[in-house]
Amino acid sequence: LMAEHNYTDTAIGIGAGYAVKKYSEQILKKPYSIYLKDYRKKFFNDAENQIFKQKGFETFTKLGLDKQGITLIDINPANCDAEFAKLKFKGKLSDYKKAADGKQAFFHPAAESIAVNCDKRASSIFHEIGHVHNYTAADWKNKLYKVRMFSKPAAFLALTAGLCTNKDSFFNENCGKLTFAALTPIIAEEALASKNGQNMAKSVLPANLFKKLKAINARSLGSYIFGAIATSIAAAFAVDVKNRIAQPA
């Protein structure tokens with residue numbers, strides 16, 4: 001692994017590299033995050049949101065997901081704690097708080113529940129049902145869903161290998177590319193979830209709302225693509241900082 005040189009410099013370099021990765025990643029992700037938040041805020045009005053809510057719940061029931069043990073929680077700040085207490089697998093309360101505030105929506109496989117603030121982002125119901133479709137599938141979709149669960153740990157391992165090896169090693173030289181490769185299953189599964197949801201929504205939504213659903217899904221997928229690129233750049237930058245401190249030319 002490490003060549004013979006000052007191990008104090010190496011330790012400082014690894015620490016500095018990790019800190020640089022963390023903060024540069026946040027900075028790189030912020031512009032798209034702000035753009036998407038503003039876009040979503042201006043995108044749907046309350047009347048449209050109610051149609052998404054109605055059709056989303058109808059689709060959920062029609063697919064019999066409740067009979068498969070999946071729950072669709074219409075979560076908000078008033079009922080968040082009570083709904084969280086009911087879950088058979090808790091997960092993080094902070095995730096449910098964010099969903100209650102309308103900042104995100106998600107399907108939690110261990111809890112077998114979808115959490116959506118239906119008054120703020122009911123359009124997300126179809127995308128989350130799309131995740132459930134992948135999770136419950138008996139073919140490659142389920143395998144993709146399982147693989148994506150290892151994406152973030154794999155990206156972290158790529159960063160760790162890059163930071164803890166010499167600058168002429170494979171992991172060090174290719175840390176950014178390996179990080180992006182590790183995150184591609186997330187992008188693929190998110191894209192498939194949107195496609196699944198759109199297939200379900202096409203026959204139940206008015207044409208104008210179906211068009212809006214596709215538009216918001218495309219931009220939401222953009223956040224995963226942009227995020228993976230940002231994380232990869234930050235990882236490459238982190239390794240460069242570590243190399244300059246630990247193994248100066």
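**A walk through the model**

Modeller: A place to begin is Glu-112, which sits in the loop between β2 (106–108) and β3 (113–116). Please keep in mind throughout that this is a predicted model.

Colleague: Okay, and what is the phi of Glu-112 like?

Modeller: Glu-112 has a positive phi of about 50°, although this residue is not a glycine.

Colleague: Let me step back a bit. How many helices and strands are there in the protein chain?

Modeller: The protein chain has 11 helices and 3 strands, and, read from the N terminus, the elements come in the order α-α-β-α-α-β-β-α-α-α-α-α-α-α. Taken along the principal axes, the C-alpha atoms fill a box of roughly 65 × 35 × 35 Å.

Colleague: And how much of the protein chain is buried?

Modeller: Of the 249 residues in the protein chain, 47% are buried. As for contacts with a separation of 6 or more, 69% of them are between residues 24 or more positions apart.

Colleague: Now α1. How far does that helix reach?

Modeller: Helix α1 covers residues 7–43, which is 37 residues, and from its first C-alpha to its last it reaches 54 Å, close to the 54 Å expected at 1.5 Å a residue.

Colleague: Where does α1 bend?

Modeller: The bend is at Lys-30 and amounts to about 35°, with a proline, Pro-31, following within four residues.

Colleague: Which residues of α1 are buried, and what covers them?

Modeller: The buried residues of α1 include Thr-10, Gly-13, Gly-17, Lys-21, Ser-24 and Glu-25, and also Tyr-32, Leu-36, Tyr-39, Arg-40 and Phe-43. Among the elements that cover the buried residues of α1 are α2 (46–62), α5 (118–121), α6 (124–136), α8 (151–163) and α11 (207–246).

Colleague: Take α8 from that list. How do α1 and α8 cross?

Modeller: Their axes come within 10 Å and cross at roughly 145°, and the crossing in which α1 passes α8 is right-handed. On the α1 side the contact is made by Ile-14, Gly-17, Tyr-18 and Lys-21, and on the α8 side by Phe-156, Leu-159 and Leu-163. Gly-17 and Lys-21 are also among the buried residues of α1.

Colleague: What about α6, is that helix mostly covered or mostly open?

Modeller: Helix α6 is mostly covered, with 10 of its 13 residues buried, including Phe-126, His-127, Glu-128, His-131 and Asn-134. Its end C-alpha atoms are 19 Å apart, which agrees with the 18 Å that 13 residues should span at 1.5 Å a residue.

Colleague: And Thr-136, is that residue buried, partly exposed or exposed?

Modeller: Thr-136, which is found in helix α6, counts as partly exposed because its relative accessibility is 36%. Thr-136 lies 56 residues from Cys-80 in sequence, and the two are 26 Å apart in space, C-alpha to C-alpha.

Conventions: Residues numbered from 1 in each chain as written. Predicted model: local features only at pLDDT ≥ 70, side-chain atom pairs only at ≥ 80, totals over all residues. Heavy atoms only, no water. Helix = DSSP H or I, 4+ residues; strand = E, 2+ residues; numbered from the N terminus. Expected span 1.5 Å × (residues − 1). Bend = angle between axes of the 7 residues up to and from the residue. Buried < 20%, exposed > 50% of the residue type's maximum accessible area, 1.4 Å probe, protein only. Contact = heavy atoms within 4.5 Å. Axes fitted to C-alpha atoms, helices over the stretch in contact; angles between N-to-C directions. Left-handed = near helix turned anticlockwise from the far one by under 90°.
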